[in-house]
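Here is a short briefing on one protein model. Please look over the sequence and the structure before reading on.

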Amino acid sequence: MFVKVLTKEYNGTKHYYASLVENNRVNGKVVQTVLLNFGPVTEEQIPYLKAAYAKKKPRLVYEE
């Protein structure tokens, strides 16, 4: 499973749409199946969504 982010541009502004996707092999070919649509997201939310569904959890907050 991974988070797939699509970028579309309307009137010079970028819009981001995220969905949770799973890869499956069907008849020898890889097919992506959408499990969940998050809908429109901001550019700041993208790393947090990817980190939430990553296998190896990264640290998003670093202490100095």
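The points below cover the sheet, its loops, the core and an aromatic pair.

This is a predicted model, in which local features need pLDDT of at least 70 and side-chain atom pairs count only at pLDDT 80 or more, while totals for chains, interfaces and linings use all residues. Residues are numbered from 1 along each chain as its sequence is written, and side-chain values use heavy atoms, with hydrogens and water left out.

**Sheet**

- The model has an open sheet of 3 strands, in the order β1-β2-β3, with antiparallel pairing.
- Strands (E, at least two residues) and helices (H or I, at least four) are DSSP runs, numbered from the N terminus.
- Two strands pair if DSSP finds at least two bridges between them.
- β1 and β3 are the edge strands, each with a single partner, so one side of each has no neighbour in the sheet.
- On average, neighbouring strands of this sheet are turned by 35 degrees against each other, direction ignored. Axes here are lines fitted to C-alpha atoms (for helices, over the stretch in contact), and angles run from 0 to 180 degrees between N-to-C directions.
- β2 and β3 run antiparallel and are joined by 11 bridges.
- Across to β3, V21 stands opposite V34, and E22 has T33 as its bridge partner.

**Loops with positive phi**

- N11 sits in the loop between β1 (2-10) and β2 (13-26). N11 is not a glycine, yet its phi is positive, at about 50 degrees.
- N11 counts as exposed because its relative accessibility is 83%. The classes are buried (under 20% relative accessible area), exposed (over 50%) and partly exposed (in between), with a 1.4 Å probe and protein chains only.
- N27 is in the loop between β2 and β3 (29-41). The hairpin of these two strands has 2 residues between them, and N27 takes a positive phi near 55 degrees there.
- N27 is not a glycine either. N27 has 79% relative accessibility, so it counts as exposed.

**Core and contacts**

- The largest nonpolar core has 7 residues: V3, Y16, A18, L20, V41, I46 and L49.
- β2 and α1 each supply at least two residues of this core. β2 gives the most, with 3 residues.
- A nonpolar core is a set of buried Ala, Val, Leu, Ile, Met, Phe, Trp, Tyr and Cys residues joined through side-chain atoms within 4.5 Å.
- Leaving aside neighbours within four places in sequence, A18 is in contact with V3, K4, V5, N37, F38, G39, V41 and L49. Contact means heavy atoms within 4.5 Å.
- S19 lies in strand β2. S19 counts as buried because its relative accessibility is 9%.
- Not counting residues up to four places away in sequence, S19 touches F2, V3, K4, V34, L36, N37 and F38.

**Aromatic pair**

- The count comes to 1 aromatic pair.
- The ring centres of F38 and Y53 are 5.8 Å apart and the planes stand at 45 degrees, so the pair is tilted.
- Rings of Phe, Tyr and Trp (its six-membered ring) pair if their centres lie within 6.5 Å; planes under 30 degrees apart are stacked, over 60 edge-to-face, and the rest tilted.
- F38 lies in strand β3 and Y53 in the segment after α1 (46-52), so the pair ties together parts that are 15 residues apart in sequence.
- F38 is partly exposed, at 25% relative accessibility. Y53 is partly exposed, with a relative accessible area of 33%.
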